[in-house]
Amino acid sequence: MNLTLKIWRQKNATTKGKLQTYPISDVSPDMSFLEMLDVLNEELIEKGEEPVVFDHDCREGICGTCSLQINGEPHGPDRAITTCQLHMRMFKDGDTITIEPFRAAAFPVIKDLMVNRDSFERIQQAGGYVSVNTSGNTQDANSIPVQKNNADDAFDAATCIGCGACVAACKNASAMLFTAAKVSQFALLPQGKVEATRRVLAMVEQMDKEGFGNCTNTGACEIECPKGISLDNIARMNREYLSASMK
Amino acid sequence: MGGIFNSSIARKVAMALSGLFLVIFLLLHFIINFTSVFSADVFNEYSHFMGTNVLIQFLLQPILILGVILHFVLGFVLEYRNRSARPINYVRFNGSANSSWMSRNMIYSGLVILAFLGLHFYDFWIPEVVHKYIESHPDDPFRYYHETVAKFESPVRTGLYVLSFVLLSLHLYHGFSSSFQSMGWANKYAKGLRGFTVAYAILIPLGFIFIALYHYFNNV
Amino acid sequence: MSVLESKIPAGPLEDKWKNHKNDINLVNPANKRNIDVIVIGTGLAGGSAAATLAELGYNVKTFCYQDSPRRAHSIAAQGGINAAKNYQGDGDSDYRLFYDTIKGGDYRSREANVYRLAEVSGNIIDQCVAQGVPFAREYGGLLDNRSFGGVLVSRTFYAKGQTGQQLLLGAYSAMNRQINRGKIKSYTRHEMLDLVIVDGKARGIIARDLVTGKIERHSAHAVVIGSGGYGNVFYLSTNAMGSNVTASWKIHKKGAYFANPCFTQIHPTCIPVSGDHQSKLTLMSESLRNDGRIWVPKKLEDAKAIQEGRLKPTDLKEEDRDYYLERRYPAFGNLVPRDVASRAAKERCDAGYGVNKTGEAVFLDFSAAFMRYGQEAANTQHLKNPSEEKIKELGKKVVEAKYGNLFQMYEKIVDQNPYETPMMIYPAVHYTMGGIWVDYNLETTIPGCFATGEANFSDHGANRLGASALMQGLADGYFVLPYTIGNYLADDIRTGPIPTDSPEFEEAENAVRSQLEKLCNNNGTKSVDHFHKRLGKIMWNKAGMSRNAEDLKSAVEEIKALREEFWRDVKVPGEVNELNTELEKAARVADFLELGELFAVDALHRNESCGGHFREEYQTEEGEALRDDENFMYVAAWEYTGKPSEAILHKEDLNYEFIEVKTRSYK
């Protein structure tokens, strides 16, 4: 099929960017979206133009590197997938596809479609861990049973791949779903409970400091999350935060 | 306690609490107004009580006004912060793919409600204050019904009221249930609660619309 | 010839590691503060090592090319992690895990290392649970296990289909704790481009900031390479797009021996290639082989009809299907080790029985599992005379609960519903057992340079068992290297900070810069991917799942010629001093083009078949691998001399004192 791509080109963080139009032909419906961009880049290199820069790595939907805003939605129109798992069969011959970087003050553009998500790193560094040393003498893994539903909920929260789609989808560029997933995973497990108070306060404080917007419960994050992380995690974090603030 | 009052979550909770307070007030207001449909006397009685009771006039009324102001100011702060969290907008943003119109446009439904409040104050509250505290008319427990009904003679005003209540409904549709989420409510009753809030968001504004139209057509 | 000292401690197998830990030197806490360690790669091996070293008190700098340490490709591991916990009470033990690993590796790994691995495996699970890794649990609240290929016990711990991500997030959270304390400085979007050796010791690296293009010098008292494997030499593999051999290859060129480069694991259950545009292959977890049955048509004409779309696989009668793994290996059936399963698939496809358009796929069929689980579910629900349809429906629900996400992923990629028609799978390059040669202390032949995880060669011999890669990465990083590196660093407590203005740093930086500039100014006509794809074709066709001397010889020549062409004709747009993704790729492919040659040389010299290395000349009458223990029971460690094909071979003989060497049989 033949398509028209409108791609955001921006030289670096300090220059202004704009949409540029590229026609592309003979796209196979079996291609992934990123493979389609590979083809475009090969053509651009051939013509002596600079290829479009975009983030990608594992190409199997787990590393969370890829990040495009496609036709106004993070990771494109399909659900429960990352951009690398989006296939061209989701589009029709003759379609115009707008491709932009994830946009947020806390995700500055590096170049073209590549953004800097270090703000996520700093949120996790602020408290996203259990303070346990690697001694080889920690207690036996089965010494503390964990209720299966808690273990399962913790796992569901922990499936977050840190891609930033929640921020990109949110009209407020809020990072609540991401932060909540991290807080929830630990809050639900006995190992993480010990530090829960300190953790939630520190992580929320860092989240606010990074300049993300405030949650207004639109729910866009949950819909666009490639791993389907539930809004319940946000409620849980709110709860955790309130009770931690009272302590 | 640290920066709780500065934190995004604390602001959300303040938003939720003030919102819930206004939701309760709205119910009360509705009940009193609704009496006007079937009994001028009951309406007058309730209105007289509300308008003359010292506790209500000098304690609850200021709290209510503060609540309204807090809710609006916080709403503007939220909106400002949220806009600056994305300084460069998307060229193409498909919000309807993943969220409701109501949830994305609380600021606009809120602004309409604010404008309506202005009209409402102009219509009722300011004349009331002038009547009671500036011009110092003698107490008349039977004036409320006529004054209220008289306002709905104008089709323009009635139309504005109806429109405002539609926006109020949209505002409540998202805001009421959202406030529980903000306060961390997520359990097996959440679904039922959501149903209740939706019913409330539709029925109460509809009731107000009914009252406005009822008096309008009675006047005709 | 041999200068290889494996430094295996003396004594009984069970006591070696314990005694060694008691014997080696330690660095006191106050002195650790004065010692810097660089860790390249932040996957399970690098991330866990960095976190533990920082906990101990060393100043750690980590480097990864990704934008976050959490995105290293360990994250993609699906199935699980082995540990000899014996929670299931099915007779598991350290010895049994050790035995399974040595046997699975076809007797080409080092006994002492593997035993140590088995010994610390239990600690890994304890550690991860303490960190908050949400492993799957049973209703009683205790940890659940499942079974993987090549073993007869259930010792695999898992977190649905994303064990790798959960373990990596555990290691990453441990890193975050140290970053927050200021003990780790994390350099993301940085790539190591050379090792700096001062007075014969590894003392730092040259790295490029991938965002600004700036070339930087970083010094340390020791350098740890945990940068993963080199499966991307095949272009198409299950590795991430950025996975590369550069760190390993650069230290090889500076004196670290490269061991067994030809030992590559081809994973049997991947989604088949769909076309020329394909950039990467997707793995379907090995756990699927617990319940799926692998087959191709018995008759060639049926295979042809299926290839051409004239016949639906579901219409083929049971007696016309060839469940070739169950036929050839009745004892292990569909759960034979990966190398055996992959080769068997290739054998059937080469004979013309493949089932997709190109004839390069076999079926993985769950219909029997639907019926089996469905019957079970019908029994527990006390349904009387349920219809076949009803049973199937119940069975599908059970399978969905177990593998739902994998089925969904398959449908997204292939656009076929695997609940209705059998999946198609084909082998793909997945893991490299070969890597940098290390001694028992995980130190390479360069003093002060260590290698952990997939980057080293040590534990898996010629074939790795499923769920053992995660185990090795974390064992090396959490429990082995942090001790053994102390033995080396004990001599460095008075050294003080290493200056970066020495001539050695200068020289290394200049070499890196001139290579990058050469690539950028080459003015060629063909893109980097063009060369990478061609290299991949050579590797897959001539050094892939089965190899022969003639092909390998021509592969050596073709790779050499391709490398020359690459340097003559590659086109890299943009500059060195800016973000330049094509330049990053070019530098990596340049190294693959050298490694590929050594790979073929190694495969050519090893005149036997073992594990993942299958030489067509050396097979039994039944087509099984024919090992030559007399002549090849050694580790081939190659020393770089300037040209990959002229590398000098050093042998580390493998002595099996505690295990009886047998012919591997899964029949």
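Trainee: What pattern does chain B follow along the sequence?
Mentor: In this predicted model, chain B reads α-α-α-α-α-α-α-α. That is 8 helices and 0 strands.

Trainee: What does the C-alpha trace of chain B span along its principal axes?
Mentor: The trace spans about 55 × 40 × 40 Å. Of the 220 residues in chain B, 25% are buried, that is, with 20 or more other C-beta atoms within 10 Å. Taking contacts in chain B between residues at least 6 apart in sequence, 85% join residues at least 24 apart.

Trainee: How should I read a sheet?
Mentor: Strands of a sheet pair through backbone hydrogen bonds, and the pairing is either parallel or antiparallel. In chain C, 4 strands form an open sheet in the order 16-10-18-19, with antiparallel pairing. Strand 16 (435-436) and strand 19 (648-653) of chain C are the edges, each pairing on one side only.

Trainee: How many bridges join strand 10 to strand 16 of chain C?
Mentor: There are 2 bridges between these antiparallel strands, strand 10 being residues 258-259 of chain C. Ala259(C) has Gly435(C), in strand 16 of chain C, as its bridge partner.

Trainee: Which strands does helix 17 of chain C lie across?
Mentor: Helix 17 (residues 581-605) of chain C lies across strand 10, strand 18 (634-639) and strand 19 of chain C, and runs at about 145° to strand 18 of chain C.

Trainee: How many residues does the contact take from chain A and from chain C?
Mentor: The contact takes 60 residues from chain A and 62 residues from chain C. The chain A side divides into 23 nonpolar, 22 polar and 15 charged residues.

How values were computed
Residues numbered from 1 in each chain as written. Chains lettered and ligands numbered in written order. Predicted model: local features only at pLDDT ≥ 70, side-chain atom pairs only at ≥ 80, totals over all residues. Contact = placed C-beta atoms within 7 Å. Nonpolar A, V, L, I, M, F, W, Y, C, P; charged D, E, K, R; others polar. Buried ≥ 20, exposed ≤ 12 C-beta atoms within 10 Å, placed from the backbone. Pairing = 2+ DSSP bridges. Axes fitted to C-alpha atoms, helices over the stretch in contact; angles between N-to-C directions.
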